[in-house]
Amino acid sequence: MGAWDSGPFDNDTAADWCGDLDKADATQRPALVRKALHEAAVEQDYLDADIACEAIAAAAIVAAHLPDGQPISSPYAPEVLRNGGRLDLPADLPALAASALDRIMSANSEWHDLWQEAFADDDNRAFDTVRELRRTLTARSGTGGYAVDPITAR
């Protein structure tokens, strides 16, 4: 994994995946986001770091579409999403993204192992990034659901 920082787009694999997302037809982009999340969420064996990197980038995209999500501004993020660009994402993706992040943070994950070796848990910016994404993805109203449609509303 060629990582240069702890952000969701700050590694070679995520940057390449973002380039593929940019090149894809606009109607195919939501399916690419879903595929990246699904591959990580359902992996039963040791989770490859590349799959994790793509899923983290996809989760950041989903989170950015939520009412409390951080806008995407990284120069390595998909160009179509920088500075407020949007995708037409299905409303079920926040839950899938949270599941993918849970899988990535599990003990049977190469991404987790690599970052755990690099930093202590209490001072691990990469882990903090994933935890913050997950908090955004799972933020709920008092009624148990999202206060507004999590994907189409801001």
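D5 and R125 form a side-chain salt bridge at 3.5 Å, N to O. The term means a side-chain nitrogen of Lys or Arg within 4 Å of a carboxyl oxygen of Asp or Glu. D5 sits in the segment before α1 and R125 in helix α6, so this pair ties together parts 120 residues apart in sequence. Helices here are DSSP runs (H or I, at least four residues), numbered from the N terminus.

The model is predicted: local features need pLDDT of at least 70, side-chain atom pairs count only at pLDDT 80 or more, and totals for chains, interfaces and linings use all residues. Residues are numbered from 1 along each chain as its sequence is written, and side-chain values use heavy atoms, leaving out hydrogens and water.

D5 is partly exposed at 35% relative accessible area. R125 is partly exposed too, at 46%. Partly exposed lies between buried (under 20%) and exposed (over 50%), with a 1.4 Å probe and protein chains only.

R134 and D102 meet at 2.4 Å, N to O. R134 is in helix α6 and D102 in helix α4, so the pair links parts 32 residues apart in sequence. R131 and D128 form another salt bridge, at 3.5 Å. Both lie in α6, 3 residues apart, about one turn of the helix.

The whole structure holds 6 salt bridges. The R29 side chain does reach the backbone oxygen of A24, at 3.1 Å.

Methods: A polar contact is a pair of N or O atoms within 3.5 Å; within protein, one must be able to donate a hydrogen and the other to accept it, and residues adjacent in sequence count only if both atoms are side-chain atoms. Helices (H or I, at least four residues) and strands (E, at least two) are DSSP runs, numbered from the N terminus.
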